[in-house]
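Student: I have a structure open and would like to go through it. Can we take it piece by piece?
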Amino acid sequence: MNLTLHVWRQAGATAEGKFEQYQARDVSPDMSFLEMLDVVNEGLIESGGSPIAFDSDCREGICGMCSLMINGVAHGPQRGTATCQLFMRHFKDGDVIYIEPWRSSAFPVVRDLVVDRSAFDRIIAAGGYITAPTGGARDANSILVAKTAVDNAMDAAACIGCGACVAACPNGSASLFTGAKVSHLGLLPQGQPERHRRVLEMVAQMDAEGFGNCTWHGECQAACPKEISIDVIARMNNDYLKAVLATKEKQNS
Amino acid sequence: MSMELNSREPGGPIEKQWEKHRFEMKLVNPANKRKHTILVVGSGLAGGSAAASLAELGYNVKCFCFQDSPRRAHSIAAQGGINAAKNYQNDGDSIYRLFYDTVKGGDFRSRESNTYRLAEISLNIIDQCVAQGVPFAREYGGLLANRSFGGAQVSRTFYARGQTGQQLLLGAYQALERQVGLGRLKMIPRTEMLDLVVIDGKARGIVVRDLVTGAVTSHAGDAVVLASGGYGNVFYLSTNAKGSNCTAAWRAYKRGAAFANPCYTQIHPTCIPQSGEHQSKLTLMSESLRNDGRVWVPKQKDDKRPPNQIPHSERDYYLERRYPAFGNLVPRDVASRAAKKACDEGYGVGPGGLGVYLDFADAIKRLGEQTIRERYGNLFEMYERITDEDPYKVPMRIYPAVHYTMGGLWVDYNLMSTIPGLHVAGEANFSDHGANRLGASALMQGLADGYFIIPYTIGDYLATNTLEKVDESHAAFKEAERCVEERTRRLLSIDGKRTVDSFHRELGKVMWDYCGMARNEAGLKHALQRIPEIREEFWSNVNVPGSDAELNQALEKAGRVSDFLELGELIVRDALDRRESCGAHFREEFQTPDGEALRDDEHYAYVAAWEYKGDDNTPALHKEPLTYEYVHLAQRSYK
């Protein structure tokens, strides 16, 4: 099939960007979306042009590096699928495709379709962990974890940190990302001692990075390649409220 | 000056060696630790866990990765699980049995002392990861669940659905980010190591390129930990991430670190077959699928009937037939060769006859679709997304693909290379797996190295060596920066006709055809002639667009491929030198009458460590003899 692409090109963080038009010819339905772009880039290099910069690494939907807005939808039309696992059989001959980077003030563009998502790392550094320095851990089976608890924790822990939730959210909120980590660790017995501190610190960092607030549009869960439910945001809000009250009680006592 | 390969094994009874060694190693006073800077290259299971643990101890740590975040390292893609000799299943497992299985699985080409320590530490790893909140699968009673993997007759693999690598990596990543938050660790992403700086014979720093601005800078330190992963992408198509590369390890080799057993490259039996020329990478389907999936091909050649219309009596379940004791759970090298044999003889299925079936129909009938969905749901979905076929209804088609490299930089028992101060961890080193790695052992080794070995052995190195004060203004850093900038300028100035990828594909095809699942002398000699020709054309006809002062992904690739073009030759040279078959290294001239690998322990029970002698000279081969005091050398049998 033959496709017309409109791709966002931007030389650097402060440069002005614009759409450029390219033709993708003889695209096989068994190609992945990124392989289609690889072929376009090969053609650009051979004809003396400048290849399109985009992020990708594992190309099996788990590293979270790929990040394309395809026709206005984060990761494109197939639900529960990262861009690298989107195959061209979901498009048809003659389609016109608009490709943009994630758009959010907390994710500045680095070049073309590449954005800076280091804000996510800083949210984790603020409290997205269980303090367990290496060595001295007790026998793994001495901590019993109910199967339902670990299954729910795993559903939240499946987050790949791609940022599609932020890109899809009209408010540019990182609540799904932050809520997923708060839920993963808060559902496990090991995560209890730091539960309040964790949610307070992570939410504070999320706000400091310039992400917007959650107003329950639900776009994030629709865009999430791991189909993480907005239940994690409810859990985060619940934990946050409890943590705020607990901190107040402590101050008043 | 000849290179010395001192393995520094502690000696004594094997079950006491690590304990004894830990006691004998010197310690660094807590107040002095923060005066030492340690540079960690790579943020996967080995690098991430080492960086976090070293920072926890109080060292000043800088960690580098080429991705935008340390959480992206390719360890994240490991699916099936991590081994540990916990014997929670009461099925007869023990440290000794895991040690034995690993040495045997590696076809008796690994160091006994290292492998025993790995099995011993496996217990601590599971404890550590559970403490961090890794959501391993549980039974209803709340205890940890296990599954089986190839090459073992016990159930010792811990897992988190089909995303075990992801969950373990996130555990290490969170520990690392905690140290970043505490200000003890500086994480430097989107940065690539391009040279190692050796001063007075010791590793004292690295030269890196900032992939966003293109700036080339130096970082001085008291020790360097290379945890930069494997070199499977030398084959172009592999299950590795697109960015996985050999550059950091290769540049260290060219500064004097010996490269060991480069020809031991693992071909994983269960990957999704290639669909066309545009293919950019291959996708693995976890080995855990062989717990419930049965491998078969039609008994009739070129059978074009859909699989569901081929009756049981006309199917050849060849692994169960040839290896009744282990059946579908034979080790990877054995399963891969058996699939190749079936396809070479004309029994293959799917496009081009390059595939065999992995069938879940019997397991679904026995256990119900729901159970299979719980065990492998995400893998089945991934398969369907890629192939557009539903494995709950039709058998998967699979074919072997390059997956892991057992070879790597040579290290001693302390995981230190032949350059003092340069430690190497995880897939980047050669230790522990011999000529073939068992499934679910890569995660185990990466975390053993990073959490539990490097933090001790680095301390011993720092405590027993006097290190002159060195900073980035030293002439050696300036010289290395100049070399890096010169190489970049050269790549950009060629302005030829062919893209970097076209050279990479060409190299990959030579490697796969002549140095892949089966190798022979004539083919290897042909490859040894072809690779320098491809390299020569690369340096005169490659087209690398753009400049060195910007984000330039074509330039990044060009640098990596230029190194693969050199490493490829060394791999072939090593494969040619090893005139025996062992593990993943299968020389067609050396096989038993029934087609199994035929080792030659008398002449080849050694680690081949190659020393760089200059671009225009043949590298020198050094041999570290392997002796077996505990495991009885025997022909590996899974029948």
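Predicted model: local features only at pLDDT ≥ 70, side-chain atom pairs only at ≥ 80, totals over all residues.

Student: Fine. How many helices and strands has chain A?
Tutor: Chain A has eight helices and seven strands. Its C-alpha atoms fill a box of roughly 70 × 40 × 35 Å along the principal axes.

Student: And what percentage of chain A counts as buried?
Tutor: Chain A has 253 residues, and 53% of them count as buried. If you take the contacts in chain A with a separation of 6 or more, 71% are between residues 24 or more positions apart.

Student: Next, the two chains. How many residues does the contact take from chain A and from chain B?
Tutor: The contact takes 65 residues from chain A and 60 residues from chain B. On the chain A side, helix H1 (33–46), strand E6 (109–111), helix H2 (118–127) and helix H3 (147–157) each supply at least two residues.

Student: Which of these gives the largest share?
Tutor: H1(A) does, with seven residues of the side of chain A that touches chain B. By class, that side has 34 nonpolar, 15 polar and 16 charged residues.

Student: On to chain B. How is chain B divided into domains?
Tutor: Domain 1 of chain B covers 37–265 + 404–464, domain 2 covers 268–402 and domain 3 covers 481–614. The centres of domain 1 and domain 3 of chain B, taken over C-alpha atoms, are 23 Å apart. Their contact takes 41 residues from domain 1 and 40 residues from domain 3.

Student: Which elements of domain 1 are on that side?
Tutor: Those that give two or more residues are strand E6 (191–199), strand E7 (202–210), strand E8 (216–220), helix H7 (247–254) and strand E10 (259–260) of chain B. H7(B) gives the most, with four residues. The residues on the domain 1 side divide into 24 nonpolar, 11 polar and six charged.

Student: What about E7(B) and E8(B)?
Tutor: E7(B) and E8(B) pair in the antiparallel sense over five bridges. Val207(B) has Ser218(B) in E8(B) as its bridge partner. This hairpin has five residues between the strands, and Gly214(B) takes a positive phi near 85° in it.

Student: Is E7(B) covered or exposed?
Tutor: E7(B) is mostly covered, with seven of its nine residues buried.

Student: Change of topic: helix against helix. At what angle do H3(B) and H6(B) pack?
Tutor: Helix H3 (residues 45–57) and helix H6 (residues 164–181) of chain B pack at an angle of about 35°, with their axes 8 Å apart. Among the residues that make the contact are Gly48(B) and Ala52(B) of H3(B), and Ala172(B) and Leu176(B) of H6(B). The residues of this contact divide into 10 nonpolar, three polar and one charged.

Student: Which hand has the crossing, left or right?
Tutor: The crossing of H3(B) and H6(B) is left-handed.

Student: Last one. Where is Ser148(B)?
Tutor: Ser148(B) is in the loop between helix H5 (112–132) and strand E4 (157–158) of chain B.

Student: Why does Ser148(B) count as buried?
Tutor: Ser148(B) counts as buried because it has 22 C-beta neighbours inside 10 Å, and the cut-off is 20 or more. Leaving out residues up to four places away in sequence, Ser148(B) touches Ser155(B), Thr157(B), Asn291(B) and Leu329(B).

Methods:
Residues numbered from 1 in each chain as written. Chains lettered and ligands numbered in written order. Axes fitted to C-alpha atoms, helices over the stretch in contact; angles between N-to-C directions. Left-handed = near helix turned anticlockwise from the far one by under 90°. Contact = placed C-beta atoms within 7 Å. Nonpolar A, V, L, I, M, F, W, Y, C, P; charged D, E, K, R; others polar. Buried ≥ 20, exposed ≤ 12 C-beta atoms within 10 Å, placed from the backbone. Domains from an automatic or database assignment. Pairing = 2+ DSSP bridges.
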